[in-house]
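Subject: Structure handover

Hello,

Please find the structure below. My notes on it follow.

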Amino acid sequence: MEQFRGTTIVAVKRDGKTVIAGDGQVTMGKEVIFKGHARKVRRLYDDKVIVGFAGGTADAFAMCEEFEKLLNKYSGSLMRSAVEYAKNIRAGGHSNAEALMIIADKDNLFILSGVGDVIEPDDGVCAIGSGGNYALAAAKALIQNTDLSAREIAVKAMNIASDICVFTNKNFVIEEV
């Protein structure tokens, strides 16, 4: 059976604001759009944390649920929750999820992998999913060459990715902290 996949997520941190934007397309295999209005960007921990996920849908939901439990356990500390999430995976507490998550609060921005990686982007810009490299390139160019807000950059980057990537649509969900 083919796996359902979630697609493009981009995050931009600028001027004290962090935005995560994601499209709504869920693809089955490589040729079928299964759903066009999925919500792959969410708010957690009393709306203080935002998360976007891409990859295998079941894995992404499981990762998000596990991470939310850690946020609650560690009083909303994004850094501590991310480190504990990675330690749990590396200690064999979870299978290797085929998904990635971008997580952010007002101070931090990280990518979490299903194999226990925690990555902090160097320049406050990151992206995941099938259209992630397109969105990342667009966001990097915009952050380096414009004075646009984090939100404006994220939307423009998602529009560029959706124009290029067949696994990305224009039904965006955008959250900001």
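Tyr134 sits in helix α3 (residues 132-145). Helices here are DSSP runs of H or I with at least four residues, strands are runs of E with at least two, and both are numbered from the N terminus. This is a predicted model: local features need pLDDT of at least 70, side-chain atom pairs count only at pLDDT 80 or more, and totals for chains, interfaces and linings use all residues. Residues are numbered from 1 along each chain as its sequence is written, and side-chain values use heavy atoms, with hydrogens and water left out.

Tyr134 counts as partly exposed, because its relative accessibility is 36%. (Buried means under 20% relative accessible area, exposed over 50%, partly exposed in between, with a 1.4 Å probe and protein chains only.) Together with Ile160 and Ile164, Tyr134 makes a nonpolar surface patch of about 260 Å². Patch residues have over 30% relative accessible area and no salt bridge; like charges are joined within 9 Å, nonpolar side chains (Val, Leu, Ile, Met, Phe, Trp, Tyr) within 5 Å. A salt bridge is a side-chain nitrogen of Lys or Arg within 4 Å of a carboxyl oxygen of Asp or Glu. Areas come from the Shrake-Rupley method with a 1.4 Å probe; for residues, only the protein chains shown count as cover.

Next, β3 (17-22). It is largely enclosed by the rest of the structure, because 5 of its 6 residues are buried. Strand β2 (residues 9-14) pairs with β3 in the antiparallel sense over 6 bridges. Pairing requires at least two DSSP bridges between the strands. Val10 has Ala21 of β3 as its bridge partner. The β2-β3 hairpin has 2 residues between the strands, and Asp15 there takes a positive phi near 55 degrees. Strand β12 (residues 173-176) also runs antiparallel to β3, joined by 4 bridges. Ile20 stands opposite Glu175 in β12.

Gln25 lies in the loop between β3 and β4 (26-28). Gln25 counts as buried because its relative accessibility is 3%. Its side chain makes a polar contact of 3.3 Å with that of Thr27. The Gln25 side chain also reaches the backbone oxygen of Val166 at 3.1 Å. A polar contact is a pair of N or O atoms within 3.5 Å; within protein, one must be able to donate a hydrogen and the other to accept it, and residues adjacent in sequence count only if both atoms are side-chain atoms.

Last, α1. Buried residues in α1 include Met63, Phe67 and Leu70. Just after α1, Ser75 takes a positive phi of about 50 degrees.

Best regards
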